[in-house]
Amino acid sequence: MATHDQMNLVHHGVAAEAARLVVYGVHGRTQSPQLFIDLAARLSLEGICWWLPTAAEHSWYPGRFMEPRESNQPQLDQALGVLEAQLAELLQARGAGGAPVIVFGFSQGACLLAEHLLTVQPAVDGALLHTGGYLGPRPRSFTRAAAPGLSGLAVELFCADEDPWVPLHRVKDTAAAFEGLVGVTTLNVYRDEEHHITDDAAARIREYLRRHARD
């Protein structure tokens with residue numbers, strides 16, 4: 001069986017050195033990088049470099065994100081390790097004067113990125129978390145890391161009020177956890193029962209990326 005670290009990191013859009021913005025997009029369960037390739041067409045923004053990791057067997061971990069961590073092993077730690085290594089490499093390659101790096105996760109991808117951001121606190125330039133929250137069965141608190149950490153970061157979260165997979169209360173807990181660590185936290189809640197990116201959410205995402213792109 002393939003493991004996450006054996007899967008391709010897919011590139012879409014412009015080359016990193018020519019980009020106005022670099023987006024590291026992590027897909028959800030049963031999905032693939034095609035999720036973000038299709039979304040890029042919907043957003044219709046120029047100058048974006050997309051880097052898109054691929055989950056083995058189309059799933060980053062086998063169970064629900066609010067289950068005890070041990071029930072999702074070893075895939076969960078493998079997934080977090082892949083994200084940490086790939087994102088660290090992108091941030092190192094960015095260097096001084098490089099294009100800003102935004103992380104963007106949907107569903108399982110949003111859960112992984114929320115966990116990584118709150119615990120490791122890498123020096124990314126922005127974060128979009130759509131339908132996901134930090135991991136584990138119980139509410140948790142997080143300590144601010146040494147500078148730069150997430151200070152000054154704008155984190156935007158999205159969730160439906162009746163999502164079948166991600167309870168809104170955990171997304172609210174995740175937003176509250178970010179509030180003590182970042183510059184601005186915005187939670188967008190919309191009336192829906194489907195597990196998808198609505199047109200309204202896509203418009204908000206487009207505006208967020210446009211604001212963060214280099215001129």
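A residue is called buried under 20% relative accessible area, exposed over 50% and partly exposed in between (1.4 Å probe, protein chains only); Arg204, with 39%, is therefore partly exposed. The model is predicted, so local features need pLDDT of at least 70 and side-chain atom pairs count only at pLDDT 80 or more, while totals for chains, interfaces and linings use all residues. Residues are numbered from 1 along each chain as its sequence is written, and side-chain values use heavy atoms, with hydrogens and water left out.

**Helix 1**

- Helices (H or I, at least four residues) and strands (E, at least two) are DSSP runs numbered from the N terminus.
- In helix 1 (residues 34–43), the buried residues are Phe36, Leu39, Ala40 and Leu43.
- These buried residues fall within an arc of 110 degrees seen down the axis of helix 1 (directions from the axis to the C-beta atoms), so they line one face of the helix.
- Ser44, which follows helix 1, has a positive phi near 55 degrees.

**Salt bridges**

- The whole structure holds eight salt bridges (a side-chain nitrogen of Lys or Arg within 4 Å of a carboxyl oxygen of Asp or Glu).
- Arg140 pairs with Glu115, the closest N and O atoms being 2.8 Å apart.
- Because Arg140 lies in the loop between strand 5 (126–130) and strand 6 (154–160) and Glu115 in helix 3 (residues 108–119), the pair ties together parts 25 residues apart in sequence.
- Glu115 is buried at 2%, whereas Arg140 is partly exposed at 32%.
- Arg204 and Asp200 form a salt bridge (3.1 Å, N to O); both lie in helix 5, four residues apart.
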